[in-house]
Structure formats: structure tokens, C-alpha cells
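Take a moment to look over the structure before reading on. Then follow the text with the view open beside you.

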Amino acid sequence: MRSTSEIQWEFGGPLTSASPGLAWTVLLAVLALGLYLAYANYFKRSGTIPKHRRRILFLLRAFFLCGVVLCLANPTRIERHLLDAPAPQPLAVLIDRSASMTLPDNRGQTRLESASRQWEKIRNHAQEHFQEIEYASFAREMKSAGSWEAAVSADLPDAETMLFESLSTLLEKAPLGGYGGILTVTDGVDTSQESASPLLGQLLASRTPLYFLPGTNRLRPRALLQIREVDLPQEVVRQSQFDYHAVIEIFAETDREMKISIKKDDGPPFIETVKVKAGNTLFPWSHKLASAEPGDVQIEFTVEDGERSKTALHQVRVLETLDSNILYYQGALDWGFHFMNRVMSREPGFKITALFNPRSGATIRSGTDKDDTTGLPDRARGLTKFQTVILANVFISQLSALQQQALSDYVRDGGGLLVILPNTEAAIDFAGSPLEAMLPVVFENESSLSRREAAEADLLSKVGQSQAIQQRGPLPMNAAALDVLKPFKIPENSPLSALLETPGANASQRIVPKFVDYAKVQSAKPGAEILAEHPTERNPATGQPRILLATQAFGKGKVSVLTTDSLWRWHLSIPSGSKEASTFWQQLLLWLGQSASQEKLRFVERTTETPSGAISTLTLSGSEETPVVTATGPEGKVAAVKIESGETPMEWSVQWTPDVEGVWRLQAEAGVQRTADRFFLSTDASAFSKDDSHLPPAMDTMRELAAATGGTLIQGAAPASWSAGTGMVEPQMVSERRELLWNQWWLLLTIFGAYAVELILRRRWQLV
Amino acid sequence: MKTKTSLVSFFSPFLLCGLFMVITNTQAAEPPRGGKVQWARLMTNYPHWARHTETEFFLLEYIRDNTTLDIDLRWAIADINRMESLSRYPFVYAEGIQTVTNPVAQANLREYLLRGGFLLIDACINVAVNPEPDVFLAGQLLRMKEILPEATITPIPPQHEIFKTYFELDRRPQSYMNNVYDPRWEKHPMYAVELDGRVVSIISLAALKCGWSFDVNPPELRINSMKMMINIYAFSLIH
């Protein structure tokens with residue numbers, strides 16, 4: 001941390017926007033006029049007053065005028081506390097040394113060799129832009145290396161490619177200040193079956209752009225069909241809808257049809273046939289399922305491509321009510337909580353703890369839950385009992401650095417966070433804050449917000465207040481025309497679109513929230529999802545519709561920003577018997593907090609397959625006490641399970657070895673009524689491992705991941721951003737203090753004292 | 001000419017001071033505020049529904065100065081006969097609802113309260129308006145029972161959180177006609193109208209509006225009336 005101090009002339013009023021030269025010209029002209037008038041007054045008038053007295057009076061007047069002009073120029077001392085300019089951020093080059101990168105094609109060329117040639121073309125650009133480059137290689141695990149050559153020749157070839165895990169490790173080992181970027185030389189294949197979401201959150205939090213330098217060759221791939229990951233809730237509420245998401249990976253030598261079917265218990269299956277083109281396809285598929293009455297429901301998901309078939313089994317618990325603990329933290333006073341709490345308190349299972357921080361030093365508790373939370377916790381541990389935290393009308397100055405860190409840790413561990421911004425001023429306030437790093441939108445900063453716009457708003461406010469003072473009359477009855485409720489525009493592909501569908505109704509009967517005011521944000525961050533947009537207004541800078549609701553994954557959790565008013569006007573406009581508002585909040589909050597099951601026992605991984613005969617490691621989350629886990633295979637075969645402490649106090653590492661192929665069921669228990677169930681299909685290990693299965697480079701995966709972090713997939717030339725000077729990071733301003741230098745009692749007293757003395761002397765010397 | 005120059009010279013410092021004040025008109029930074037909201041009077045067929053609205057400004061300015069509420073300094077009219085008018089305001093101030101017998105108006109007010117709106121009924125202390133406090137109260141209770149028959153109406157005890165929600169108040173402020181103590185008004189507490197365990201309305205005979213509108217005795221009663229008003233507002237807003 002370092003401090004700087006400088007003195008600036010900050011002309012006010014009509015001179016605010018004038019250049020310093022013009023402002024000084026105006027002021028000096030005024031001064032010259034004043035001096036001339038004083039001169040004319042004292043020296044060009046007849047009288048008996050001696051010359052030396054005239055000089056004294058003129059000097060007093062001149063002193064006064066100079067003093068006033070000096071004050072008008074508004075000298076201001078500006079003290080800034082800056083975080084020391086961070087050391088230049090190096091580029092990390094991470095080289096994939098797994099088997100798929102080192103297998104030669106029919107020309108004897110490997111993907112690594114092809115990537116090496118591309119690297120030589122862009123090496124100088126990288127060197128110039130980043131100044132420092134660090135190297136590492138990975139296959140099963142990441143290892144540092146001193147140079148490209150050392151990394152390439154590292155003795156690492158392995159059948160496993162832990163791409164996401166290695167990137168994550170690299171980020172954890174980043175130097176102070178982080179990397180300016182990570183260039184990954186790979187074919188994009190990751191054999192860990194892990195999702196890229198946690199890594200994406202880590203990259204966004206550290207603001208590290210990811211670049212991919214793809215390694216390609218002409219290897220002929222083997223056929224493949226795999227259910228790569230599956231996502232569905234472990235528990236759902238009765239008579240509701242829930243989504244089943246799956247990602248299927250298929251490599252086919254010819255165009256073909258893939259049959260996908262899903263069924264609940266012994267009910268009729270839903271079958272869909274999709275056409276798959278020759279080559280490698282990563283196919284996301286989702287289907288909406290309806291829950292029935294409370295109990296356990298078995299779900300069977302099958303994919304077939306004519307030659308192969310894969311099945312995944314799941315068990316979902318249908319509950320009468322779904323418990324959801326919400327922490328509602330409100331800064332400035334607003335009606336949002338009153339109306340949300342009114343509708344949500346009728347929903348069984350929802351408990352709201354509300355904390356209001358309406359003024360400095362005051363915290364008021366409210367809500368339906370009578371727990372012992374008295375303030376916004378400054379440790380993530382204090383937040384784990386909540387599935388979702390809502391920050392409503394909170395200004396960043398109301399949150400300490402520790403509280404912001406706690407929120408960040410809480411979301412990273414799976415919590416849901418909804419930030420409701422009341423107006424553009426609050427949004428601007430967030431710009432540059434540590435909390436902003438995890439939010440899905442880029443806030444306007446004061447310099448990017450039109451000063452004219454701010455001045456107009458200020459003027460309108462003053463005019464309004466002035467009219468109120470003068471007239472003391474009511475708002476015109478037609479003033480409501482200014483408060484017209486506008487509907488959210490919900491893009492069809494937005495997850496909100498499905499969430500707000502009424503079960504059994506068609507899409508036109510979807511719930512559409514309405515708003516009056518909204519805060520302007522600059523844009524969505526790379527990787528963020530826009531859930532709702534303004535129906536008409538667009539950002540003039542980008543031409544894109546203004547964002548009303550956006551979300552992004554951060555670590556294991558989700559963060560959303562609602563930029564509209566707190567929707568209380570919409571609540572008041574809905575007939576009292578309507579469930580629209582409660583459905584909206586219920587669905588949004590459950591969706592946001594669905595990963596926040598720190599206190600619910602669950603297996604973290606989304607995979608459904610595991611290699612037979614190999615040690616399989618899973619993460620079990622949601623218990624402080626050691627859970628009991630059993631693994632039961634085909635024909636009641638039981639496998640030994642080893643349980644060890646995980647990375648966090650609530651996590652456990654579960655190791656087991658399915659020694660026969662078939663369906664295995666893992667059941668975990670911890671405490672009273674806390675269980676978790678997962679089914680795994682154990683398959684032939686050689687077929688399972690695909691690093692050496694000649695899969696083509698996963699170009700789409702690499703492109704999407706890079707774009708989401710602000711990086712790019714490098715093909716041929718160096719990224720354009722590398723040509724824009726060096727990657728030096730500007731020092732970050734922590735605080736700024738402005739002191740008006742003229743605003744000193746002794747200075748003002750001296751200036752006006754000179755004038756007072758002049759007036760007294762004029763009287764005494766009988767010069768009226 | 002000489003006199004003119006002398007005058008100009010004499011007043012030029014004052015002109016410069018004026019210019020100085022214009023140029024350095026640096027307003028104190030506004031505190032962070034929540035969403036925009038308007039203060040509304042309930043317009044009914046009661047002839048006194050808009051009584052002393054000319055002093056509403058004092059209260060609204062006090063609210064703006066002492067809270068983070070982004071409340072408009074102009075008061076608005078919530079027409080009981082039009083649901084779309086009522087549903088613009090989360091909190092409505094009424095002089096009384098004893099004359100609200102029209103079924104449409106009653107149905108609108110009921111729907112407003114069921115949707116989450118909040119109604120404060122505050123008696124005027126003037127004997128020309130309310131000569132008998134008991135009669136005023138009976139009128140409010142009668143209409144409230146017609147509008148919300150399922151609601152319960154109970155006195156608010158002195159230790160209730162409403163007296164310290166935002167400002168810590170030792171006691172309920174009470175205004176009197178011409179500042180002359182009158183036990184007939186003093187004896188009445190405030191009454192809470194509860195629906196499903198939630199306060200949806202408050203009936204006050206404390207004459208808070210009279211308190212903030214006039215020179216009252218003791219002088220702090222004026223401020224305390226506004227503080228009580230803020231407490232009621234904040235209470236309704238956080239529940």
C-alpha cells in the first residue's frame with residue numbers, strides 16, 4: 001500500500017466542465033475587472049485623502065479579491081491510498097503431456113509437435129506482452145518446469161489427462177498478484193469426468209484469462225459413447241417440476257441416430273431420437289420431469305447409438321416440503337422484503353432470517369426464522385446454514401472486507417447469492433470491489449457513466465424538491481404514468497424460462513415479473529448467463545438489451561444479480577389470490593441455492609460411470625461427522641470403502657474399487673435421517689479410459705472455456721490483446737480523501753478580515 | 001459617475017461572494033438510498049381526508065433526512081375507489097375510514113391489505129373534526145370489521161417493538177387540541193389490525209399529523225411525532 005498526495009484546481013459550478021485554461025481565464029478576467037474597479041475607486045476620484053492611504057485601501061481590496069479568486073479556483077488536496085502496483089503478471093504455459101498428445105499419426109506426427117510449431121510462431125508476442133513466462137506440464141498431475149523444452153520432455157505420459165484439476169492446481173500455486181493469463185497446450189481431453197464449472201469460477205474469481213493452443217494431428221479416433229455428466233436434484237418437492245440435465249459424448253465414424261430415453265420407476269419411458277453427425281459430439285440434453293407424491297423415485301436414463309448403449313440410474317427423494325433457509329440482508333430501507341416475506345412465509349419449508357442495516361451501527365432482525373444470527377457473518381462458516389443469501393439495497397460501503405470474503409467463500413463452497421440493486425448509484429458503488437469479482441455483470445464506473453446523465457438526474461431531483469417546497473401539493477394524479485410496470489423479457493434459452501412455467505400450463509401462461517426502476521450495468525461477464533432483459537432499452541455502447549437478471553457459476557455455487565427495483569410494485573399489482581409472486585421467488589431461490597447443501601449429505605461428482613477394477617475416488621459433502629458408506633454391486637456383492645477427511649471440514653474422500661462390471665449403489669449415512677444415494681455403472685477399464693482412444697481435440701470445449709474467461713483459442717496468430725502493450729496491471733485505488741484547501745477558518749477570516757479592515761478604514765478616513 | 005463607480009466597487013466583493021457561493025455549491029453527499037417510493041393519502045368520501053396536507057412536506061423532509069428511504073417529497077393521492085391507484089403505494093395514510101361504506105371502496109381496501117399494503121389511520125385532534133375520540137375509534141373499528149372480518153384488533157402495549165424499531169421512544173407521543181391535556185385522548189393506545197399474524201393496519205389516536213404540523217407543547221413533541229411516524233413506517237416495512 002502506498003499513498004499519493006497532489007493538489008488540483010477543481011473549478012465548480014459553471015466552470016466544472018471548462019478546461020483549466022478557460023476557467024483560469026474567466027477567473028483572472030473577473031479579478032482584473034475587480035482590480036480595475038478598485039483602482040478607479042481609489043485613484044481616479046478626487047478628494048483630500050492622502051496617496052499612501054489610497055494605496056493601503058487598494059492593497060487591502062486587492063488582497064481580498066485575490067483571496068476570493070483563489071478560493072473560487074477551489075484548490076483541493078487529493079490523497080489517494082493505492083495498492084502497490086502489482087508485479088508484472090507472468091504468463092503460465094501449461095503443457096499437456098498425456099498419451100493423447102504423444103501418440104503419432106500416420107505421418108509420425110504428434111499433437112505436441114504440432115503445438116510446438118505454433119508456439120514458436122507466437123512465442124515472441126507472449127514474451128513481449130507478459131515479460132515473464134512460467135512453464136509447467138501435466139498428465140495425471142501438474143509439475144513445474146524451467147522452460148518449454150523441459151516441460152515438453154518431462155517424463156509424464158499417462159493414460160489420464162487431468163486437465164481441469166491441473167489448471168486448478170496451477171491457479172492455486174499462482175504467484176502473488178496472479179497470472180496475466182494461462183496458455184494451455186492441449187487437445188482439450190479431460191479424463192477425470194469432472195465438470196469445468198468449478199474451474200471456471202476459479203478463473204473468473206482470479207480474473208485470469210485462459211488461452212488454448214490446440215494440439216492437432218490426423219489420429220483416427222475409436223468409437224465412443226459415454227454419459228459424461230448428469231445433473232439433477234437429490235430432493236424435490238411434491239407436485240413440482242425438476243430438470244434432468246445430461247451431457248453425452250459420442251464419437252461416430254458415420255452419421256447416425258442416437259436414441260435417448262428416460263423413465264421414472266416403472267412408468268412409460270420418454271424417448272427422443274437425435275441425429276448425430278460423424279465425428280466427436282458433446283451433446284447436452286435436458287428433460288423436465290414431474291414429481292408426484294412423497295417417496296423415493298428411481299430414474300433410468302439410457303442412450304443408444306445402434307452399436308453401444310449406456311445407462312445411468314438415479315434416485316430422487318420427493319418430499320412434502322423442501323427446506324430452504326434464506327438470509328435476507330438489507331441495507332437502505334426498501335419495501336422489497338415486506339412483500340417477499342409476505343408471500344414466502346406462506347410457503348412451508350422456507351425460513352427467512354432478515355437483517356436490516358438501515359443506518360450506521362443499527363441492525364434490526366426480522367423474518368420467519370427465529371435463529372441467532374445477529375449480523376452478516378464475517379466467516380463463511382456462519383453462512384453455511386443458509387441455502388441462499390440475498391443482499392438487497394446494500395451499498396458496498398456497508399460490507400466489511402471480511403464480510404465480502406465470507407460471502408465469496410460461501411458461494412465458492414456451493415451457496416447461492418442474489419444481489420438486488422436498487423439504482424445505478426448502488427451499482428456504480430460495486431465497481432472495483434472484491435465482491436464484484438464473483439458477480440455476473442460488469443458495473444458501470446463513474447467515469448463510464450455519462451456525467452450528463454448524472455447531472456440531469458441531479459437537476460431533476462432538485463427541481464422536484466424545489467417544486468415540492470414551493471407548492472406543497474400532491475403528486476399529479478397522472479404521475480403514475482411514470483411508474484408503468486414493465487415486463488421482464490425472458491430469453492427462450494434462459495433457465496428462468498423453464499423455472500417460471502406453471503406445471504401443466506403452456507408457455508404463454510408463464511409467470512412474467514414486472515418492474516418500474518432498474519439499475520444500469522455495463523455488460524454481462526464472459527461466462528455469465530442472462531436470465532432476463534429489459535423489454536425495450538439497450539445499452540448505447542454495446543447495442544445489447546439492458547440486463548435485468550444475470551447469473552454465473554462461482555466455484556460450486558451460483559451468483560445472480562437482479563438490477564430492477566425489488567419488485568414490490570409487481571407484488572401489489574397482483575390479485576391477492578395469485579401465487580405468481582411466491583412461485584417466482586420460490587423457484588428462483590431454490591434454483592440459486594440448489595448446490596448449497598453443505599448440511600445435506602451428497603456426492604459431489606456428476607459422473608455416472610466408473611472403471612471396473614480401478615480405485616474410484618468420490619467426494620461426499622455435508623457432514624461434520626464421519627459418514628458410513630456402503631458399496632453394493634451386482635448380485636449383492638459388497639466392496640470395501642475407505643473414508644478419509646476431505647479438503648474442508650464438511651467433505652470426505654470416499655475410495656472404493658468396483659471389482660465386477662455392472663450397476664453399483666453407494667449409500668451414505670450420517671446422523672439422523674441424513675442419507676445420500678448414488679448409482680454407478682462400472683464398465684471395462686480399458687474402454688473407459690479414453691485418453692489414448694484417439695479422440696479428436698475438443699475444440700468446442702476449449703473455445704467455450706477460453707471465451708468464458710476472456711481468453712481465446714489460438715489458431716495461427718497471437719491473440720489481439722497481446723499486441724496492446726505490456727500486460728502491466730495499473731495500481732488499484734483503495735481510498736481517496738479530498739480536502740478543500742480554501743476551507744480553513746483562518747484563511748477565510750484573513751480574506752474577509754482584509755475587507756472588513758478596508759471598510760473600517762474607509763469610514764475612519766471619511767471615504768464613504 | 002463617481003458615485004456609480006464607488007457603488008460598484010463597494011458591492012463588487014458581495015457579487016464575488018455570490019459567485020463564490022454558486023461555484024462552490026458543493027452539496028453534502030446524499031446517503032445511499034433504497035428504491036423510490038411515494039407517500040400517499042387515502043382519498044375517501046370523508047371530507048377531511050386531505051386535512052393539513054400542506055404540512056406533509058415537513059414529515060417527508062424529516063424522513064429523507066433521517067432515513068435511507070428514497071421517499072418523494074411530494075405526497076400522492078391513493079384513491080380508494082380505484083384499485084390501480086391504491087396499488088401504487090405500499091403505505092397509505094388515512095384521516096379515518098368511518099365513512100367508507102361503499103362496497104367497491106371497501107372491497108378495494110380489503111384487496112389492498114390482502115396484497116400486502118399497509119394502512120395507518122391517524123385521528124385529527126381538532127374538536128371540529130373529531131369532537132369525541134371514542135366515537136372516532138368506534139367508527140374505525142366498525143368499518144375495519146366490515147372490511148376485514150377475519151382480522152383481530154388489539155391494543156399495542158407500551159413495550160411493543162414499534163416504539164423502538166427505528167428510534168428509541170420512551171413513550172407514545174400524543175398531541176392535544178391547543179396543547180391542553182385531555183385524558184379522553186390520552187387513554188387510548190394505538191391499535192394493531194392483524195391478519196394471519198401480520199399487522200396490516202394501525203389505528204392511532206395519537207394525532208401524529210397534528211404533532212408534526214403545528215407548534216406543539218412540549219416542543220420535542222413535534223420531532224417525536226415524526227419519529228413515531230418513522231417507527232410505524234419502518235415496522236410495516238420490515239415485517
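The paragraphs below go from the overall picture to the core, then to helices and single residues.

This is a predicted model. Its scores are ipTM 0.88 and pTM 0.67. Begin with chain A. Its secondary structure comes to 17 helices and 37 strands. Of its 768 residues, 40% count as buried. Now turn to chain B. Here there are 8 helices and 7 strands. Buried residues make up 49% of the 239 residues in chain B.

Next, consider contacts along the sequence. Take the contacts in chain A with a separation of 6 or more: residues 24 or more positions apart account for 74% of them. For chain B, contacts with a separation of 6 or more also come to 74% from residues 24 or more positions apart.

How far can each part be trusted? Chain A averages a pLDDT of 81, and 85% of its residues score at least 70. Within chain A, confidence is lowest in helix H11 (residues 451–471), with a mean of 53. It is highest in helix H13 (residues 568–573) of chain A, at 95. Chain B has a mean pLDDT of 89, and 87% of its residues reach 70 or more. One stretch of chain B, residues 24–29, has a pLDDT below 50. Beyond near neighbours in sequence, that stretch has 5 contacts in the model. Where pLDDT is low, the predicted coordinates should not be read in detail.

Now go inside. In soluble globular proteins, nonpolar side chains tend to be buried together. The largest nonpolar core in this model has 196 residues. Which of them touch the most other members? They are Leu94(A), Val389(A) and Ile390(A). The largest share of this core, 10 residues, comes from helix H8 (residues 220–238) of chain B. Two domains of chain A also give residues to this core: domain 2 (91–220 + 694–723) and domain 3 (324–447 + 483–592). The core therefore lies between these two domains.

Pick out Val389(A) in the view. Leaving aside neighbours within four places in sequence, Val389(A) is in contact with Leu327(A), Tyr329(A), Leu383(A), Leu407(A), Tyr410(A), Gly415(A) and Leu417(A). There is also a second, separate core of 30 residues. Its members include Leu225(A), Ile262(A), Val654(A) and Trp656(A).

Helices come next. Find helix H5 (residues 133–147) of chain B. It has 15 residues and reaches 21 Å from its first C-alpha to its last. That is close to the 21 Å expected at 1.5 Å a residue. Which residues of H5(B) are buried? They are Phe136(B), Gly139(B), Gln140(B), Arg143(B), Met144(B) and Ile147(B). These residues cover an arc of only 125° around the axis, so they sit on the same side of H5(B). They pack against helix H4 (103–114) and strands S4 (118–122), S5 (152–155), S6 (191–195) and S7 (198–204) of chain B. The face turned away from the buried side of H5(B) carries the exposed residues Asp134(B), Val135(B) and Ala138(B).

In H2(B), the buried residues are Glu56(B), Phe57(B), Leu59(B), Leu60(B) and Ile63(B). Seen down the axis of H2(B), they fall within an arc of 160°, so they line one face of the helix.

Now for the loops. Most residues other than glycine have a negative phi. Leu567(A) has a positive phi of about 70°, although it is not a glycine. Leu567(A) is found in the loop between strand S27 (557–562) and H13 of chain A. Is Leu567(A) buried or exposed? Leu567(A) counts as buried because 25 C-beta neighbours lie inside 10 Å. In chain B, His52(B) has a positive phi near 55° and is likewise a residue other than glycine. His52(B) sits in the loop between strand S1 (36–43) and helix H2 (56–66) of chain B. With 15 other C-beta atoms within 10 Å, His52(B) is partly exposed.

Finish at Ser576(A). This residue lies in the loop between H13 and helix H14 (580–592) of chain A. Ser576(A) counts as exposed because it has 12 C-beta neighbours inside 10 Å. Ser576(A) and Val343(A) are 233 residues apart in sequence, and 9.7 Å apart in space, C-alpha to C-alpha. What does Ser576(A) touch, not counting residues up to four places away in sequence? It touches Glu111(B), Leu114(B) and Arg115(B).

Notes: Residues numbered from 1 in each chain as written. Chains lettered and ligands numbered in written order. Predicted model: local features only at pLDDT ≥ 70, side-chain atom pairs only at ≥ 80, totals over all residues. Core = buried A, V, L, I, M, F, W, Y, C linked by C-beta atoms within 7 Å. Buried ≥ 20, exposed ≤ 12 C-beta atoms within 10 Å, placed from the backbone. Helix = DSSP H or I, 4+ residues; strand = E, 2+ residues; numbered from the N terminus. Domains from an automatic or database assignment. Contact = placed C-beta atoms within 7 Å. pLDDT = per-residue confidence, 0-100. Expected span 1.5 Å × (residues − 1). Arc of directions from axis to C-beta.
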